[in-house]
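Please open the structure in your viewer and keep the selection panel at hand.

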Amino acid sequence: MYTYLDKYLGPAAIRSLPSESSGICVFGFEANIKQEKRLSELNSCYRAKGWFLDYMYPKAVWHETGHLLFKAQDGIGHGTASHLVNTMGDNVVKVEAVNIVQFVQDLYQRYNPDIVVGKLDIEGAEYNVLPALERAGLLCTDTPVALQALTLEYHSRLVPDYPANWSVPETFPCSAKTELILLDSEDYVKDGKPLC
């Protein structure tokens, strides 16, 4: 994980500087309302360090705006993570869906960043989101509004219609593709380091 952070965002000595100096801003989405307290604390803690961070919750990353049904669970790891569902039931809530294509395009329009790097761990929604990003040219670094790199995890166990070897359909003409990095890092959960 740190290799990719160094490659795209610079060494830790730069990344640890306040956002005004490093130029790094972080946006995140979490559909699980059970994470609200922790994410609110992260927002406050990181802002106190001068880092611009905005975790938005409860919001799910999707390929269009609207609402989705989301089963909120407490676990991290195989079979215990929260995920999208099709019907109401225990621990299922309706959450706002954020059109990630529009969000990334708006980021470029509003902030004109030099680089945008993403982490996508959306428990099966990647099979809808990645094709939408690709169709919009956001997975093609030839375009002025692309993601340069994207770490992700595929969740074929949650979405049986997609095989484990699924890949993003290529429809957008592109000669320089976004680096898709298969990586599931939950290191922060057990790192033993205090938040602030």
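This is a predicted model: local features need pLDDT of at least 70, side-chain atom pairs count only at pLDDT 80 or more; totals for chains, interfaces and linings use all residues.

Residues are numbered from 1 along each chain as its sequence is written, and side-chain values use heavy atoms, with hydrogens and water left out.

**Helix α5**

Select residues 100–111, which form helix α5. Helices (H or I, at least four residues) and strands (E, at least two) are DSSP runs, numbered from the N terminus. The end C-alpha atoms of α5 are 16 Å apart, which agrees with the 16 Å that its 12 residues should span at 1.5 Å a residue; the expected span is 1.5 Å times one less than the number of residues.

Next, select asparagine 99, which caps the N-terminal end of α5. One of its side-chain oxygens lies 3.0 Å from the backbone nitrogen of valine 101, a polar contact being a pair of N or O atoms within 3.5 Å; within protein, one must be able to donate a hydrogen and the other to accept it, and residues adjacent in sequence count only if both atoms are side-chain atoms. After α5 comes asparagine 112, with a positive phi near 50°.

Now display the buried residues of α5: Ile100, Val101, Phe103, Val104, Leu107 and Tyr108. Buried means under 20% relative accessible area, exposed over 50%, and partly exposed in between (1.4 Å probe, protein chains only). These buried residues pack against β1 (25–29), β2 (52–56), β3 (59–62), β6 (92–99) and α6 (126–135).

**Two loop residues**

Proceed to alanine 146, in the loop between α6 and β8 (149–152). Alanine 146 is buried, with a relative accessible area of 0%. Beyond its neighbours within four places in sequence, its contacts (heavy atoms within 4.5 Å) are Tyr108, Val116, Gly137, Leu138, Cys140 and Thr141.

Then select asparagine 32, in the loop between β1 and α4 (36–48). Asparagine 32 is also buried, at 2% relative accessible area. Leaving out residues up to four places away in sequence, asparagine 32 touches Phe70, Ala72, Gln73 and Ser82.

**A pocket lining**

Finally, select Trp62, Leu84, Asn86, Gly124 and Val159; of the 15 residues lining the second largest pocket, these lie nearest its centre. β4 (66–71), β5 (83–85) and α6 each supply at least two lining residues, and β5 gives the most, with three.

Note on methods. On a 1 Å grid over the protein atoms alone, a cavity is a set of points where a 1.4 Å probe fits but cannot get out, and a pocket is an open set with protein on both sides within 12 Å along at least five of seven lines; lining residues have an atom within 4 Å of a point.
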